[in-house]
Amino acid sequence: MTVAPGTIAPDNRPVNVEAAVTKMEALLGGHIAAYLDACVHCGQCAQACHFHEATQDPRHTPALKLQPMTRVYRRSKSPFAGLKKALGLAPAITEAELRDWEPLIFDTCTMCARCTIVCPMAIDIASVVAATRQAFVAAGLGPPDLLQAADNARDKGSPLGVTPEVLADRVEWLADDNEVEIPLDKEKAEVLLTVSSIEMMKYPDSVVAMAKLLNAAGIDWTLSSKGYEATNFGVLSGKGDIAKTMVERIATAAEAVGARTVVVPECGHAYGVLRWSGANLLGRALPFEVVHITEYLADLKRQGRLKFKPYSEQAVTYHDPCQISRRGGATADARYLLDGFATDFREMTPTGNYNWCCGGGGGVQAMGRAADVRHEVFRIKMAQVEATGAPALVSACANCRLTMDESKAALKWDKELISIVELLADNLVPADKG
Amino acid sequence: MIEFIEGPLWYLALATFLVGVAWRLIVLVAMKRPSDLSQARSASGGLGGALKALIQHSVPHGGNLGRTLYHFVTGYMFHVGLLVLVLFAAPHVEFIQERLIGSDLGWPKLPRWAFIVAAEAAFAGLILLYVHRLTDPVKKQLTDIDDHLGVWLTFIAMLTGCLALQEAHDGLRATHMLSVEALMIYFPFSRLMHAFTFVLARAKTGATYGRRGFAP
Ligand code: SF4
Ligand code: SF4
């Protein structure tokens, strides 16, 4: 059932307001408090958020997403909190408010951090939203399909049901069908490759492409049935225990094979979580480096270990996944890969670190009820691509790809979506000819 | 009454302002912060990012000038105008010399024409920002009583200040002081604190993302 964004989810789940407040109190450290104290209610962030821009609905103002935390801060943690409470200036949060805020915290925040660029105070609303989601989940709220995806990841190994057995089956099938070696559970390897279940189930060619590229460069790599799922729906859904479990699995697998490098596949949030939050979730530094597949391939290209035939079939543009570029810092690597390869490469405006989100990050892709608003958001991307005149859009995130594929179908858009890894693998110059 | 406003009440307001602001900042800085165990892309990224964000967020960037032009122009008119008035208006310099630093120290005073330019910029900026707050659908729903109070107290302080300057009258001067004292007492309890907290917020974001490779 589709719920219009901004309306209250029509379910009867009991809501534990106290649990939400306790969780927010626990998460409300100085880093969040500084943000809450700095917001001047100027509303400029609305101009940067695709949900506001696509709908022009003032309810989709990013600063409104600070409200739950602000209320808790004012009532129990800020200086003079007692005074404010006594004077009735800091009312307690109610169940109705929590329900009303739920779509703001989940359905209409892709945690893309575009609002942070515009905010004169540089408030990182995305990180506050991530913390707030944990409180909503503690209260019993959150989109059921997103929560289910997280539970699937914990119980089955992946949100889309890729159990270790399914992984082995699909790896065998892909290897046979494509005549490519895909090592699974090698005892020792330099590199542990992880996969996103979206790729495994919907875009398996991308897994084959990664295998071809790593093999061509002569990398000693493996997949591991102990830890293969790169996506982390624990973080997206606000389920902290599952977030930690998912990172633990990959860390255990990497340590078992003695990997020095863990490669994250085409998935933005998987990269963001493992690269920048993995150690924090585990509470210890990771004994291996974490790189996104575009970073890793760029490095192999730099070393001359991978060579590609120029791609001149059509003009292409590039969509920056927010968690890889703006929030991940790996913006330059995709450009390096496309440089001298895509002969007619056209940047969108804005691009790189300032790019517009696809509309499906932050788990929004997995929320069925957010589909309509996602499609509206995608119109921004369509206009950006059309302005370049390129008939094809390359990207490096299976979640963006799925989001855009769905919106493309819903809006009957005729442009082509291409995975950068697949494009590179299709144009690989075999080592003996390089 | 005038003596009370210019004497004890002034010192009470000053103490409330200084202690209140310090207290709020100390509490903020002392609150626990999770440490970041991830491996930074570059060792100096955090510091560089913090400095970059501190400077960069003073101006629209990332292709957003058009989107934020109204705030950029009116915001600077108001803030720069007000700052110039507070620090350089002749009676303020004299007041600071008299009460705080002595007449040997000091800095140039604004000529009358410059005072008028600064005052007009500050008034126009504040009024334009407030009109936007009252009419823009996004801002309307964000606005609370604190925003109104902050604007009105500032506006009254500015207005009485201009009146006091026009006619050097003790009563008007005391009215101006009273309104400034109200503003100073209100300041630490309000969103006016953004005059200080902006540093913490910008530096935090800059440091977090700077170590990742890009401070937004
Ligand atoms: S992080 Fe992105 S989606 Fe979330 S409020 Fe900010 S701009 Fe909007
Ligand atoms: S732009 Fe920043 S300061 Fe202004 S309302 Fe949005 S979050 Fe608050």
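Close-up 1. The structure shown here and in the following views is a predicted model. A:Cys45 is likewise classed as buried, since its relative accessibility is 7%. When the whole structure is searched for disulfides over all chains, zero are found.

Close-up 2. The shell of ligand 1 includes the cysteines A:Cys49, A:Cys109, A:Cys112 and A:Cys115, together with A:His50, A:Phe51, A:Pro62, A:Lys65, A:Thr110, A:Met111 and A:Ala113. Sorted by class, this shell holds eight nonpolar residues, two polar ones and one that is charged.

**Close-up 3. The largest nonpolar core.** This core has 66 residues, and those that touch the most other members are A:Leu28, A:Met69, A:Leu98 and A:Ile123. Helix α8 of chain A, which spans residues 125-139, gives the most to the core, contributing nine residues. If residues up to four places away in sequence are left out, A:Leu98 is in contact with A:Val15, A:Val17, A:Ala20, A:Ile93, A:Phe136, A:Ala139 and A:Leu141. Another core, of 50 residues, lies apart from the largest one, and its members include A:Leu213, A:Ala298, A:Ala342 and A:Ala392.

**Close-up 4. Strands β5 and β6 of chain A.** Strand β5(A), residues 316-319, pairs with strand β6(A), residues 392-395, in the parallel sense over four bridges, and A:Val316 stands opposite A:Ala392 of β6(A). From β5(A), A:Val316 and A:Tyr318 point one way whereas A:Thr317 and A:His319 point the other way, and all of these residues are buried.

Methods. Residues numbered from 1 in each chain as written. Chains lettered and ligands numbered in written order. Predicted model: local features only at pLDDT ≥ 70, side-chain atom pairs only at ≥ 80, totals over all residues. Heavy atoms only, no water. Buried < 20%, exposed > 50% of the residue type's maximum accessible area, 1.4 Å probe, protein only. Helix = DSSP H or I, 4+ residues; strand = E, 2+ residues; numbered from the N terminus. Pairing = 2+ DSSP bridges. Near = heavy atom within 4 Å. Nonpolar A, V, L, I, M, F, W, Y, C, P; charged D, E, K, R; others polar. Core = buried A, V, L, I, M, F, W, Y, C linked by side-chain atoms within 4.5 Å. Contact = heavy atoms within 4.5 Å. Disulfide = S-S within 2.5 Å.
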